[in-house]
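Trainee: Could you take me through one part of this model in some detail? I would like to look at the nonpolar core and the charged pairs.

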Amino acid sequence: MRRRESRARAREQLVCRQVVELVTDYLEGALSADERARFEAHLAGCPHCTEYLREMRVTIAAVGRVEPEALSAAARNDLVALYRGWRAE
């Protein structure tokens, strides 16, 4: 019985890639209570994801001051291409 519980708990735990995919929803408060608890449990044991979350907060704070109109068309296109390439991975 314990082995089954251990496997079920392992399936419930998030892996780093999932945390990266959920970080925006986490920061926007869009995760369910269960998802948020799983996210925070992963952070408690993963210094790499904790650092990634910190970096995202710093980035949002810096970029949040940039108005879309302040970007040149070339810069906007570069950012969109980078994002699409990242999402395709």
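Mentor: Happy to; we will start with the core and then turn to the salt bridges.

This is a predicted model, in which local features need pLDDT of at least 70 and side-chain atom pairs count only at pLDDT 80 or more, while totals for chains, interfaces and linings use all residues. Residues are numbered from 1 along each chain as its sequence is written, and side-chain values use heavy atoms, with hydrogens and water left out.

The largest nonpolar core has 11 residues: Leu-14, Val-19, Leu-22, Val-23, Tyr-26, Leu-31, Phe-39, Leu-43, Cys-46, Cys-49 and Leu-53. A nonpolar core here is a set of buried Ala, Val, Leu, Ile, Met, Phe, Trp, Tyr and Cys residues joined through side-chain atoms within 4.5 Å. Buried means under 20% relative accessible area, exposed over 50%, and partly exposed in between (1.4 Å probe, protein chains only). Helices H2 (16-27), H3 and H4 (47-63) each give two or more residues to this core, and H2 gives the most, with four. Helices are DSSP runs of H or I with at least four residues, numbered from the N terminus.

Tyr-26 belongs to this core. Leaving aside neighbours within four places in sequence, Tyr-26 is in contact (heavy atoms within 4.5 Å) with Leu-31, Arg-36, Phe-39, Glu-40, Leu-53 and Arg-57.

His-42 sits in helix H3 (residues 33-45) and is buried, at 13% relative accessible area. Beyond its neighbours within four places in sequence, His-42 touches Leu-14, Val-15, Cys-16, Val-19 and Cys-49.

Now for the charges. Side chains of opposite charge can pair when their charged atoms come close. The structure holds three salt bridges, each a side-chain nitrogen of Lys or Arg within 4 Å of a carboxyl oxygen of Asp or Glu.

Arg-36 and Glu-40, both contacts of Tyr-26, form one of them at 3.3 Å, N to O. Arg-36 is partly exposed at 33% relative accessibility, and Glu-40 is partly exposed at 33%.

In H2, Glu-21 and Arg-17 are four residues apart, so about one helical turn separates them; their side chains meet in a salt bridge at 3.7 Å, N to O. Glu-21 is partly exposed at 46%, whereas Arg-17 is exposed at 51%.

Glu-51 and Arg-54 pair at 2.7 Å, N to O. Both lie in H4, three residues apart, with Glu-51 partly exposed at 31% and Arg-54 partly exposed at 44%.
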